[in-house]
Amino acid sequence: MKAIYYGHSSVALHLEGATVLFDPYITPNPKAANIDIHSLTPDYIVLSHAHDDHVADVVAIQHASKAKVMAVVETAMWVNRQHIPESDIIPFNFGGTVQTDFGNIKMVYALHTNCAPDGQYAGVPAGYVLQSGGKKIYYAGDTALTMEMKLLEHVGLDWAFLPIGGHFTMDVDDAITASQFINCANIVGIHYNTFPPITIDTEDAKQKFSDAGLKLHLLEIGGELVL
């Protein structure tokens, strides 16, 4: 199994039985200009929330791939209004676990805000815990540091994708605390260096994680990581 990073918070997980694409924001991101979204053929598109920098390419990729779109109920309703049929949408909610071709996925708490690109209400943001091929993976989406993360302490996470850019989400220091809360040493950074408010010193970030006994993976856009 492997992860491929497409910039910002866009991550594809090639799992046992299916490929999952999180939060596709690729074509508006000049740093991801080398990524051809028409080459992406996920089986599932999972949305943490509906801000434009997380859903910009969902329609184009879904129409080409016919992927199932998974999201909290109200964000799923927005997806349906984008001419994606209900049969291709899987709405669910916090605490819910959905059985999939790759294993299962559970919706967990995230602390952020949410509205659709047209300004309409889109529910609340979410994070996800996936189980596939004997691995447990946490995709936090956009979130602040929260005490609810401690609920994941005993899950036995193998990998966690955490925002580290600050300003709109957790920063590096809070992400280190989050890693300790969830008891996961293998962290992949997301939501950083896309635009000025979330620009970080990547070498300093890696050192801080290392000093805390953690491993921070910062992938180049298009870069891969074996899970």
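Trainee: Why is Lys68 called partly exposed?

Mentor: Its relative accessibility is 30%. Buried means under 20% relative accessible area, exposed over 50%, and partly exposed in between (1.4 Å probe, protein chains only), so Lys68 counts as partly exposed. The model is predicted: local features need pLDDT of at least 70, side-chain atom pairs count only at pLDDT 80 or more, and totals for chains, interfaces and linings use all residues. Residues are numbered from 1 along each chain as its sequence is written, and side-chain values use heavy atoms, with hydrogens and water left out.

Trainee: What makes Asp88 and Lys68 a salt bridge?

Mentor: Their side chains meet at 3.7 Å, N to O. A salt bridge requires a side-chain nitrogen of Lys or Arg within 4 Å of a carboxyl oxygen of Asp or Glu, so the pair qualifies. Asp88, at 14% relative accessibility, counts as buried.

Trainee: How do you know that Glu203 and Lys206 form a salt bridge?

Mentor: The closest N and O atoms of Glu203 and Lys206 are 3.9 Å apart, so the pair meets the criterion. Glu203 has a relative accessible area of 52% and is therefore exposed, whereas Lys206, at 33%, is partly exposed.

Trainee: Why is α4 called roughly parallel to α5?

Mentor: The axes of α4 (residues 172-182) and α5 (residues 202-211) come within 10 Å and cross at roughly 30 degrees. Angles under 35 degrees count as roughly parallel, over 145 as roughly antiparallel, 65 to 115 as roughly perpendicular and the rest as oblique, so α4 is roughly parallel to α5.

Terms used: Axes are lines fitted to C-alpha atoms, for helices over the stretch in contact, and angles run from 0 to 180 degrees between N-to-C directions. Helices (H or I, at least four residues) and strands (E, at least two) are DSSP runs, numbered from the N terminus.
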